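This report describes a structural model through its helices, side-chain contacts and backbone geometry. The sequence and structure are shown first.

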Amino acid sequence: FRRVLFRSSTNTYVAFGEGDVPIKDILLLMKREHYTFVPMIERIYALNGSDTLTEIRRSFAYFKQVLT
């Protein structure tokens, strides 16, 4: 994946894990196959009513929950 924007089928930005991209499956594949590269997560927007730092924290919490 070179660049994936996490949007829903309604073409709006959504939080990680809530869009059409199977991010949970991608993270679990990386864990299962012991990939050695480091994925890059880039936030280029803020969800309505939320700031960037809050969204980054929410994203990391989601990643941690998926991978533990």
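## Helices and side-chain contacts

In this predicted model, helix 1 is followed by His 34, which has a positive phi near 55 degrees. Helices are DSSP runs of H or I with at least four residues, numbered from the N terminus. The model is predicted, and local features need pLDDT of at least 70, side-chain atom pairs count only at pLDDT 80 or more, and totals for chains, interfaces and linings use all residues. Residues are numbered from 1 along each chain as its sequence is written, and side-chain values use heavy atoms, with hydrogens and water left out.

His 34 is located in the loop between helix 1 and helix 2. Most residues other than glycine have a negative phi. With a relative accessible area of 63%, His 34 is exposed; here buried means under 20% relative accessible area, exposed over 50%, and partly exposed in between (1.4 Å probe, protein chains only).

Helix 1 has the buried residues Ile 23, Ile 26, Leu 27 and Met 30. They lie on the same side of helix 1 because they cover an arc of only 95 degrees around the axis, the arc being that of the directions from the helix axis to the C-beta atoms. Asp 25 and Arg 32 are exposed on the face of helix 1 turned away from its buried side. The buried residues of helix 1 pack against helix 2, where contact means heavy atoms within 4.5 Å.

Helix 2 comprises residues 52-67, 16 residues in total, and reaches 23 Å from its first C-alpha to its last, close to the expected 22 Å at 1.5 Å a residue. The expected span is 1.5 Å times one less than the number of residues. Within helix 2, Glu 55, Ser 59, Tyr 62, Phe 63 and Val 66 are buried. These residues cover an arc of only 95 degrees around the axis, which puts them on the same side of helix 2. Helix 1 (23-32) is included in what covers them. On the other side of helix 2, the exposed residues are Arg 57, Phe 60, Lys 64 and Gln 65.

The N-terminal end of helix 2 is capped by Asp 51, a side-chain oxygen of which lies 3.1 Å from the backbone nitrogen of Leu 53. A polar contact is a pair of N or O atoms within 3.5 Å; within protein, one must be able to donate a hydrogen and the other to accept it, and residues adjacent in sequence count only if both atoms are side-chain atoms.

The structure holds two salt bridges, each defined by a side-chain nitrogen of Lys or Arg within 4 Å of a carboxyl oxygen of Asp or Glu.

| Salt bridge | N to O distance |
|---|---|
| Arg 32 and Glu 33 | 3.6 Å |
| Glu 55 and Arg 58 | 2.7 Å |

Arg 32 is exposed at 54% relative accessible area, and Glu 33 is partly exposed at 41%. Glu 55 and Arg 58 both belong to helix 2, three residues apart, about one turn of the helix. Glu 55 is buried at 1% relative accessibility, whereas Arg 58 is partly exposed at 45%.

There are three aromatic pairs in the structure. One of them joins Tyr 62 and Phe 63 edge-to-face, at 6.2 Å centre to centre and 65 degrees between the planes. Rings of Phe, Tyr and Trp (its six-membered ring) pair if their centres lie within 6.5 Å; planes under 30 degrees apart count as stacked, over 60 as edge-to-face and the rest as tilted. Tyr 62 is buried at 18% relative accessibility, and Phe 63 is buried at 8%. Ring pairs link Phe 60, Tyr 62 and Phe 63 into a cluster.

Conventions
Helices (H or I, at least four residues) and strands (E, at least two) are DSSP runs, numbered from the N terminus.
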